[in-house]
Amino acid sequence: MIGKIQVGYLVSYDYELLKNAIPTVYKEADTIFLAIDSNRKTWKGESIGIKDDFFKWIEDFDVQKKIVIYEEEFYVQGLTTMECEIRERKMLAHKMGIGNWLIQLDSDEYFYDFSKFVSFLKSKNDLLINPQDKLVQICGFKINLYKYVDQGVLYVDKLDKFMIATNYPNYKVGRHGKCRSIYTDSVALHDCLSRSREDLVQKLENWGHNDEINKTEFMSKWDSVTFSNYKEIRGFFYLDPMHWKTVEFMEGKSLQELLSNFKLTNKINVGKFFLLKKNFGQWFKFLMKKKIRP
């Protein structure tokens, strides 16, 4: 049977965040795959520990028996962290099954309205027939959280696109494939850099971008940002700092309160004209590529 809603997560050092992420997609997913390195290694080759109580939580939460633990050796000595990431994503996608919607999310991405996104995917099921001949990636937008402060969280005040699903795993950089993007108005909250200092350093040293970041310089700025001075600082992105020029503040003492507070604002609204323009641009770009292809 084709057209299943298959959701995959790459499980690593921040596995505890899955307790927030999985519930946002559980009801509408047909299967949820958790890809875990069988040797408990990160893409850099560092050892990680996953406590038994996490698997107990999975067992207790998974009342519909949708969650599959997929263990393989995903770390390969001699490959870069990004090469390991792409390799794992492709392996996971094939495990999920070509001919289905292949959704890959990170442990720190929390969907707002997954049912609406699934309805959109099902309206495009024709793209699942011979998918290698009509590659697409289905995109949404996310709000990036930068740093928790006593009163709430500092976040990047612009929606950032991210690749959510594809009909065929042509990954080139992370989840990005060199194919046409179809944009939806789906939004997720991304617990990106908003974690303890120790956990953030661990992320920066082990994720796919670890060789691209000046970690000392980045952490020095991150350490210096507070609720009192964030309005005076510019440039917060971990690669090109000015990609995230400014951050704003959202009040909330818990993740659920933050999710609710964001929903009460217009921060998660994606304009119809903006979507129309993005999708027309992608359609035209790849139409022209087809025309000039020898």
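These exercises work through strands, cores, a cavity and one serine in the structure above.

The model is predicted: local features need pLDDT of at least 70, side-chain atom pairs count only at pLDDT 80 or more, and totals for chains, interfaces and linings use all residues. Residues are numbered from 1 along each chain as its sequence is written, and side-chain values use heavy atoms, with hydrogens and water left out.

**Exercise 1. Strand β1**

Task: Find how many residues of β1 are buried, and which strands pair with β1.

Solution. 
- Strands (E, at least two residues) and helices (H or I, at least four) are DSSP runs, numbered from the N terminus. Buried means under 20% relative accessible area, exposed over 50%, and partly exposed in between (1.4 Å probe, protein chains only).
- Count. β1 covers residues 5-11, and seven of its seven residues are buried.
- Find the partners. Two strands pair if DSSP finds at least two bridges between them. β1 runs parallel to β2 (residues 31-37), joined by six bridges. V7 has I32 of β2 as its bridge partner.

**Exercise 2. Strand β8**

Task: Explain why β8 is described as largely enclosed, and name strands that pair with β8.

Solution. 
- Check burial. β8 (residues 160-166) is largely enclosed by the rest of the structure because six of its seven residues are buried.
- Take β4. It pairs with β8 in the antiparallel sense over two bridges.
- Take β6 (residues 136-149). Six bridges join β6 to β8, again antiparallel. I138 stands opposite A165.

**Exercise 3. The nonpolar cores**

Task: Identify the residues of the largest nonpolar core that touch the most other members.

Solution. 
- Define the core. It is a set of buried Ala, Val, Leu, Ile, Met, Phe, Trp, Tyr and Cys residues joined through side-chain atoms within 4.5 Å.
- The largest core has 58 residues, and V7, Y9, I32, L34 and I103 touch the most other members. β6 gives the largest share, six residues.
- Zoom in on I32. Contact means heavy atoms within 4.5 Å. Leaving aside neighbours within four places in sequence, I32 is in contact with V7, Y9, I22, V25, Y26, K66, I67 and V68.
- Look elsewhere. A second, separate core has 20 residues, including L193, L204, M219 and V247.

**Exercise 4. The cavity**

Task: Describe the largest cavity by its volume and its lining.

Solution. 
- Set the rule. On a 1 Å grid over the protein atoms alone, a cavity is a set of points where a 1.4 Å probe fits but cannot get out; lining residues have an atom within 4 Å of a point. Points are joined across faces, edges and corners, and the volume is the space filled by probe spheres set on them.
- Count and size. There is one cavity of 30 Å³ or more. The largest cavity has a volume of about 80 Å³.
- List the lining. It has 13 residues, and Q137, A165, T166, Y171 and R175 lie nearest the centre.
- Trace the source. β8 supplies the largest share, four residues.

**Exercise 5. Ser186**

Task: Decide whether S186 is buried or exposed.

Solution. 
- Locate S186. It sits in strand β11 (residues 180-190).
- Apply the cut-off. S186 has a relative accessible area of 4%, so it is buried.
- List its surroundings. Not counting residues up to four places away in sequence, S186 touches F111, F117, G140 and F141.

Technical notes
On a 1 Å grid over the protein atoms alone, a cavity is a set of points where a 1.4 Å probe fits but cannot get out, and a pocket is an open set with protein on both sides within 12 Å along at least five of seven lines; lining residues have an atom within 4 Å of a point.
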